[in-house]
Amino acid sequence: GCAGSKMSAPVKPAITEKSYALQFKATPGASASYRMKLQSKFVQEIMGKENVVDAGWQAVLTQRVATPDAAGNVTITIHFDSLTVATGNPMLEPLLKPLEGVAGKSVLAVLAANGEIKKLLGLENLPAAANQNNLMESTLRNMFPRFAGHATKIGDHWSRHDTTNNKNENVDLTIINHAQYSLISADQVAGVTRLKLHNTGSFSLNGITKNQGMKVGLNGAGTTEADFTVTSNDGWLISASATTESSGTAELKTEQPMRIPWRSSNSVTI
């Protein structure tokens with residue numbers, strides 16, 4: 001009797017792919033501590049001879065949140081609990097040892113809800129060696145990925161373009177960053193949803209720095225690959241890693257100007 005009847009297939013409910021509206025949210029007074037490790041290789045070519053500085057440092061940082069302002073920007077105190085220099089070259093020890101003077105000092109990051117750093121304040125109070133070639137600023141910026149500003153799903157992409165003017169008594173640099181982010185994956189750990197983001201970026205820098213009282217014209221460009229893991233509900237960083245390759249020239253502003261090619265590679269793990 002069923003031979004002539006038409007049977008319809010059961011209707012499956014539509015699967016809604018989950019989306020995440022990532023924002024940096026913070027309760028005033030909230031804090032988190034991180035262990036950061038940086039390895040850096042900087043090469044200068046002077047009169048046909050390469051001068052290589054290959055070193056790194058490890059630090060423990062604590063972030064503490066202040067009350068957001070009327071625009072929703074949050075000021076975060078980044079305190080260096082400790083910093084230890086590591087190098088296999090004893091001749092570099094006297095040059096790098098001043099970096100350890102960063103321990104006990106703090107900088108302030110003014111952060112928008114989308115992860116954009118509006119300002120970094122207090123870098124000029126760190127030892128001069130700490131921000132040579134803008135290294136400390138770019139390292140701290142690796143702690144704050146840029147969010148899309150709207151709901152995103154796994155596989156979505158978004159881009160960010162920033163111009164940073166770093167100016168104080170020792171530095172006058174303009175840095176232009178281009179970043180292409182993507183939301184890679186989500187997982188659950190102890191009831192918390194963690195999201196993994198990837199950034200493929202490029203940047204250029206141009207300006208003047210002072211080295212031992214001498215003005216140095218600095219220009220260069222580079223690329224960055226970075227991964228971030230953040231909590232989905234408030235955008236707090238869990239971990240990050242980044243590698244950067246860059247090159248350019250430094251021109252000594254003297255009576256007989258000298259142009260020195262340079263290249264560098266840096267890796268940061270948080």
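**Entry 1: strands E9 and E10**

I looked up Gly-217 and found that its bridge partner in E10 is Glu-251. Strand E9 covers residues 214–231 and strand E10 covers residues 237–252, and the two pair in the antiparallel sense over 15 bridges. I noted what the terms require: strands are DSSP runs of E with at least two residues, helices are runs of H or I with at least four, and both are numbered from the N terminus. Two strands pair if DSSP finds at least two bridges between them. E9 and E10 form a hairpin with five residues between them, and Gly-235 in the turn has a positive phi of about 75°.

The model is predicted: local features need pLDDT of at least 70, side-chain atom pairs count only at pLDDT 80 or more, and totals for chains, interfaces and linings use all residues. Residues are numbered from 1 along each chain as its sequence is written, and side-chain values use heavy atoms, with hydrogens and water left out.

**Entry 2: from E10 to E11**

I followed E10 onward to strand E11, residues 258–269, and found twelve bridges joining the two antiparallel strands. Thr-243 stands opposite Ser-267 in E11. E10 and E11 also form a hairpin, with five residues between them.

**Entry 3: the whole sheet**

I then traced the strand order, which reads E5-E4-E3-E2-E1-E11-E10-E9-E8-E7-E6 in an open sheet of eleven strands with antiparallel pairing. Strand E5 (117–121) and strand E6 (157–167) stand at the edges with a single partner strand each, so one side of each has no neighbour in the sheet. Neighbouring strands are turned by 20° against each other on average, direction ignored. For this angle, axes are lines fitted to C-alpha atoms, for helices over the stretch in contact, and angles run from 0 to 180 degrees between N-to-C directions.

Ala-109 has Leu-120 in E5 as its bridge partner.

A hairpin of three residues joins E6 to E7. His-161 has His-178 in E7 as its bridge partner.

**Entry 4: Ala-59**

Is Ala-59 buried or exposed? It counts as buried because its relative accessibility is 1%; buried means under 20% relative accessible area, exposed over 50%, and partly exposed in between, with a 1.4 Å probe and protein chains only. I placed Ala-59 in strand E2, residues 49–65. Neighbours within four places in sequence aside, Ala-59 is in contact (heavy atoms within 4.5 Å) with Tyr-34, Arg-35, Met-36, Ser-82 and Leu-83. The C-alpha atoms of Ala-59 and Ala-103 are separated by 8.3 Å, although the residues lie 44 residues apart along the chain.

**Entry 5: the chain as a whole**

I listed two helices and eleven strands in the protein chain. From the N terminus on, its elements run β-β-β-α-β-β-α-β-β-β-β-β-β. The C-alpha trace spans about 105 × 45 × 35 Å along its principal axes. Of the 270 residues, 40% count as buried. Among contacts with a separation of 6 or more, 59% come from residues 24 or more positions apart.
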